[in-house]
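Open the model in your viewer and keep the selection panel at hand.

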Amino acid sequence: MSATDNLAVTLVQARPPDVEHTPVDDDPRAWSKARKTSTLSIVSGASMIAGLCMVIQNPSNAQIEQQLHATSQQISLSMSLPILAQGGFPVVWSAVSEIKGRKLVYLVSVVLFILGSATVAVSKSIGLLIGMRIVQAIGASAVLTIGAATLADIYEPHERGTVMGIYYCAPLLGPSLGPIMGGALTQALTWRAAFWFLVIWGGIVFFAFCFLFRDTFRRERSLTYQSALRKRMHKLKCHSSEANSPTREKREDGQNGVQIRKDVEVQPTPVNSVVAKNITLSFADINPFPSYAKILGRKHNPMILIPSGLLFAFTYSISYTCARTLSLYYSYDALSTGLVLLSFGIGSLFGSVLGGRWSDRTLARLRTANDGMSFPEMRLESTKVAMWWLPPAVIGYAWVCQEHIHITAICVMLFFSGFFSVWIYSSTLAYIVDSNPGRSSSAVAMNSLFRGASGFVAAEIAIPLQDAIGDGGLYTAWAGMLLLAELMILLVLYKGKRWRETSDKTEK
């Protein structure tokens with residue numbers, strides 16, 4: 001057997017079924033609690049830029065429209081297109097991170113975010129602003145996707161509910177604090193000040209990743225990397241076989257009319273999988289689309305990604321339309337609107353942290369009852385408690401807005417809508433990671449794609465629907481869609497394990 005044959009067999013046979021626990025050097029899951037907490041803090045702080053950059057512009061839209069001579073349709077595009085870009089581009093960041101590691105992706109993406117934000121701050125035309133807002137969103141999108149994969153690199157499945165809840169607090173703080181920051185900076189200075197603030201925050205994040213962050217990616221635990229490596233080895237094996245074949249040697253020495261016989265004693269000595277460390281893969285070795293096709297081909301994934309997208313789109317829709325309602329019917333300025341929307345953010349924060357902890361407790365309880373054996377669907381059991389209350393909370397918000405009830409009622413309904421929606425979302429995010437071992441980055445990238453597409457559609461249709469049927473009709477419809485999302489999650493809870501097992505057998 002040739003060296004490349006030996007290596008190919010080693011790569012295929014040595015990989016254990018549980019790819020997440022393949023032995024690696026400097027195992028991130030064996031890091032100290034302090035280093036893990038530091039990594040969680042850096043990634044969470046960085047992920048805040050994704051939420052901030054999407055909504056910090058909202059309070060200054062009128063000023064931007066006036067100064068840049070923009071139309072309302074152009075202002076709408078400056079908000080919806082970045083949402084689409086932030087959802088779609090993670091498929092690229094994910095593929096790169098599975099070859100070059102997490103840290104490089106973080107650094108490059110944050111640089112893009114800083115450049116985009118700085119250019120927006122000096123823009124003198126609405127076209128340039130829209131274009132750079134898209135660049136800004138592309139840069140911010142990496143942290144949302146790779147962040148969840150980073151946490152999967154360092155935490156065991158039974159810990160992920162809690163840490164995902166904590167991690168997701170940061171991007172939730174963005175939409176909550178963004179309108180307040182944007183409103184305050186716009187009123188005190190100018191709309192450009194909000195984007196200079198993002199430049200400063202991006203610089204802080206860049207230096208944190210550069211000097212304080214240690215890469216968590218280990219290629220031995222990446223199915224994407226291992227698949228690309230096996231393909232490269234197959235190419236090398238084919239090339240070696242062709243180069244050493246008697247036919248080729250006869251052809252190359254044909255001018256002498258002599259066929260050279262290969263001496264077995266000069267064959268390369270057999271090698272083991274250690275040689276794989278000397279093989280450097282490039283972007284050309286990675287075609288991310290088969291990996292994404294595999295994820296979508298596993299039935300449980302689209303059934304959970306669709307509810308995830310709907311939950312995310314709901315948060316964008318309610319933030320967008322609520323700001324408009326407060327401006328039109330309550331005569332609130334930008335800062336006051338931001339303070340009201342903070343109630344939705346606070347509810348989301350509590351839902352993320354408490355929902356994550358409850359998710360871990362539920363998983364531990366069910367694992368104990370199942371003789372110490374667990375599977376990812378157990379985590380979704382924790383969403384049931386919130387499912388009862390989310391649609392009524394959304395309907396309550398719909399009609400207190402429609403009837404222009406006192407602002408206190410709106411704040412209460414915003415709080416509970418945020419609390420119950422994110423309680424469910426945090427568990428679905430953890431499930432997406434747990435149910436795709438070795439492909440967590442790609443799975444979260446697909447989640448971002450579904451979220452971005454859903455958020456884009458929600459942002460584009462929110463105002464026309466609000467004008468046509470009012471907040472009452474719009475959010476009663478949203479309650480119905482969220483009920484459908486809950487039913488899909490329950491379907492995954494009860495049938496997801498069987499679907500995954502069937503997919504595993506098919507892939508084998």
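Select α2 and α7 to begin: the two helices are roughly antiparallel to each other (an angle over 145 degrees; under 35 is roughly parallel, 65 to 115 roughly perpendicular, the rest oblique). Helix α2 covers residues 33-55 and helix α7 residues 126-154; their axes come within 9 Å and cross at roughly 150°. Axes here are lines fitted to C-alpha atoms, for helices over the stretch in contact, and angles run from 0 to 180 degrees between N-to-C directions. Helices are DSSP runs (H or I, at least four residues), numbered from the N terminus.

This is a predicted model: local features need pLDDT of at least 70, side-chain atom pairs count only at pLDDT 80 or more, and totals for chains, interfaces and linings use all residues. Residues are numbered from 1 along each chain as its sequence is written, and side-chain values use heavy atoms, with hydrogens and water left out.

Stay on this pair. α2 passes α7 in a left-handed crossing (the near helix is turned anticlockwise from the far one by less than a right angle). Show side chains at the contact (heavy atoms within 4.5 Å). On the α2 side, pick residues including Leu-40, Val-43, Ile-49 and Met-54; on the α7 side, Ala-140, Val-143, Leu-144 and Leu-151 are among them. The contact of α2 with α7 holds 13 nonpolar, five polar and two charged residues. Nonpolar means Ala, Val, Leu, Ile, Met, Phe, Trp, Tyr, Cys and Pro; charged means Asp, Glu, Lys and Arg; the others, Gly among them, are polar.

Next, select α5 (residues 90-100) and α6 (residues 102-121). Their axes lie 7 Å apart, at an angle of about 140°. That makes α5 oblique to α6. In α5, Trp-93, Val-96, Ser-97, Glu-98 and Lys-100 meet α6 residues including Arg-102, Leu-104 and Leu-112. Six nonpolar, two polar and three charged residues make up this contact.

Now go to α16 (residues 390-402) and α17 (residues 407-434). The axes come within 9 Å and cross at roughly 150°. α16 is therefore roughly antiparallel to α17. The crossing of α16 past α17 is left-handed. Tyr-397 and Val-400 are among the α16 residues that meet α17, where Phe-416 and Phe-420 are among the partners.

Last stop: which residues lie nearest the centre of the second largest pocket? Select Asn-58, Asn-61, Met-79, Tyr-320 and Arg-324.

Note on methods
On a 1 Å grid over the protein atoms alone, a cavity is a set of points where a 1.4 Å probe fits but cannot get out, and a pocket is an open set with protein on both sides within 12 Å along at least five of seven lines; lining residues have an atom within 4 Å of a point.
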